[in-house]
Amino acid sequence: MSEAPGKLRLGALVALVVGSMIGGGIFSLPQNMAASADVGAVLIGWVITAIGMLTLAFVFQTLANRKPEVEGGVYGYARAGFGPYMGFNSAWGYWISAWIGNVSYYVVIFSALGSFSSMGFFGDGNTLPAILCSSALLWGYHALICRGIQGAALINIITTVAKLIPLALFLVLVVVAFRIETFTLDFWGRPELGSLVDQVKSTMLVTTWVFIGIEGASIFSSRAEKMADVGKATMIGFALSILLFVAVSMLSLGVLSQPELAALKNPSTAGVLKAAVGDWGAALMNAGLVISVGGALLAWTLLAAEVPYLAGKDGTMPAFLGKTNAKGAPVNALLLTNGLVQLFLIITLFNGSAYLDLLLLATSMILIPYLLCALYAVKIAVRGEGYDGDLRAAGKDKLIALLGSVYGCWLLYAAGPKYLLLSMVLYAPGILFYIKARREQGGVLFTRNELVLAGVAVILGLIAAFQLATGALTI
C-alpha cells in the first residue's frame with residue numbers, strides 16, 4: 001500500500017512528541033526545580049511525576065487504540081466523553097496553554113542569546129530588540145507552516161535530532177563534575193524551604209510543564225499514516241524524555257547546591273556547565289537552547305494551531321477557524337494564535353513577565369484538559385467501549401485511567417488557588433466563542449449542568465480579574 005499523501009509516519013509523530021516536550025523547559029530545569037525544593041523533594045517530585053505522566057501516556061495510548069474515530073486528541077476525548085461544552089473548554093484551555101507557552105519560549109530563547117557579550121542588548125528576552133526579533137521569528141514560522149504541515153514536520157525531525165546533541169554533552173560533562181557531598185548536602189531541604197510536602201508541591205507545575213506535549217501525537221491523529229503509530233509515538237517520546245529530564249535536574253544538584261542553583265539565571269544548564277567546565281560550557285548550553293527552542297517553537301506552533309482548527313472544523317469552535325489554504329495549513333487558526341502570541345510578546349515588553357511565571361500560567365491552563373482525558377478513559381473502560389468483550393484489558397485500562405485521574409486531581413491541588421483563579425480569567429472569555437459556535441450549529445447553547453459550570457467560570461474569572469486590578473493577585 002502506498003503512503004497516503006501528506007500523512008505523518010511514526011518518526012514524524014515521535015519527533016512531534018519529543019520536539020514539543022524537550023524544548024526550553026529542560027534547559028531551565030536545574031533552577032526551576034531547585035527554586036523551592038532540595039534533593040529529596042525533587043527526587044520525590046520526579047517519582048510522582050513519572051508515575052502520573054506514565055499513566056497519562058498510557059491513557060493517550062489507550063484512547064488512540066480504543067477510540068480511533070475520535071479526532072483532536074485532548075479536546076476530542078473531552079467532547080466525546082462529556083459533551084460539547086466540556087469539549088470546548090478542553091480545546092480552549094489547551095490552545096491558550098500552547099500559545100502562552102510559546103510566548104515563554106520566545107522570552108527564554110532571546111534571554112539565552114543575551115548571555116553572549118556581543119548580544120547583551122537582548123537582556124532577559126523582554127527588551128525592545130528581543131521583542132522585535134521574536135516577532136520576526138514568529139512570523140517566519142507562520143509563513144513556513146502556511147506552506148504545508150508536512151514540510152514543517154520534516155524540519156521538526158531535523159531540529160529534534162540536533163537539540164539532543166548538546167544535552168548529551170551536558171550529561172557527560174556533569175557526570176564527570178558530579179560530587180556526592182554536594183548532592184547530599186541538606187538532602188531534605190533547609191528550614192526556610194518549608195515542609196517536605198510543600199517542597200514537593202512546588203515542583204509539580206514545573207515537572208508537568210516539561211511533559212506538556214506528551215499528547216502531541218494524538219493531536220495529529222487525523223494526519224497520521226497509521227492510527228497504531230499514535231500510541232507508539234506517545235510511549236517512545238515519553239521514555240526518551242523522562243530519562244533526560246530526571247538526569248538533567250538530579251545530576252545538576254551534584255554540581256551546585258540548592259541555593260546556588262536557585263540563584264542561577266535561566267537557562268540554568270548554562271550556569272551548571274559553567275561551574276563544571278568553565279565559560280565555554282555556558283556558551284555551549286546557550287547555543288543548544290537556541291537550537292532546541294527553535295525546534296520546539298515549530299512543534300508548538302503546529303500544535304497550537306491544530307487544536308482550534310480541528311475544533312472549528314467539527315463545530316466545537318467557530319467555523320472560520322476550520323479553514324485551510326491550498327497546502328492544507330490551518331490559516332485562520334494559525335493567524336489568530338500567532339496574533340495573540342504577538343500581543344503577549346508586546347505585553348512582556350512593558351510588564352517584564354518572567355519565563356517561570358508564563359510557564360506556570362500555561363501549565364495551569366492544561367490541567368483540566370488532562371484530567372478530562374483520564375476520566376474519559378475510565379468511562380470507556382467501565383462501559384467496555386472498543387474492547388470487544390475483553391474484560392481483562394478493560395479492567396487493566398480502568399485501573400491505569402483511575403490512577404491518571406488521581407494524578408490529575410493532585411496536580412490541581414498542587415497548583416493551588418492562585419493559578420486556578422488566574423486560569424479562570426482566560427477560561428471565562430471563551431464562552432463567547434462557544435456561544436458563536438453553538439449558534440452556527442443550531443444546537444442548544446447549554447444544558448442545565450453546563451450553564452452552572454459556565455456561571456462558575458465567569459464568577460471566578462471576575463473575582464480573579466478584580467484581584468489582578470487591585471494588586472491582590474499577581475502573575
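Ser90 is buried, with a relative accessible area of 0%. Keep in mind that this is a predicted model.

**Exercise 1.** Work out where Ser90 lies and which residues it touches, leaving out those up to four places away in sequence.

*Solution.* Start with the helix: Ser90 lies in α5. Next, check the burial call. The cut-off for buried is under 20% relative accessible area, and Ser90 comes in at 0%, so it counts as buried. Now look around the side chain: Ser90 is in contact with Val74, Tyr75, Ala78, Pro369 and Leu372.

**Exercise 2.** Find out how the span of α5 compares with what 1.5 Å a residue should give, and how many of its residues are buried.

*Solution.* First, α5 has 31 residues, which at 1.5 Å a residue should span 45 Å. Then take its end C-alpha atoms: they sit 45 Å apart, so the two values agree. Finally, count the covered positions: 30 of the 31 residues are buried, so α5 is mostly covered.

**Exercise 3.** Describe the largest pocket: its space, its lining and the helices behind that lining.

*Solution.* Begin with the space, which is about 420 Å³. The lining takes 15 residues, and Met86, Ile368, Met424, Leu453 and Ala457 are the closest to the centre. Sort the lining by type and you get 14 nonpolar, 1 polar and no charged residues. Now trace the helices: α5 (84-114), α16 (355-383), α17 (391-427) and α19 (448-470) each bring at least two lining residues. Of the contributors, α17 gives the most, with 5 residues.

Conventions: Residues numbered from 1 in each chain as written. Predicted model: local features only at pLDDT ≥ 70, side-chain atom pairs only at ≥ 80, totals over all residues. Heavy atoms only, no water. 1 Å grid on protein atoms, 1.4 Å probe; cavity = no way out; pocket = protein on both sides within 12 Å on 5 of 7 lines; lining within 4 Å. Points joined across faces, edges and corners; volume = space filled by probe spheres on them. Nonpolar A, V, L, I, M, F, W, Y, C, P; charged D, E, K, R; others polar. Buried < 20%, exposed > 50% of the residue type's maximum accessible area, 1.4 Å probe, protein only. Contact = heavy atoms within 4.5 Å. Expected span 1.5 Å × (residues − 1).
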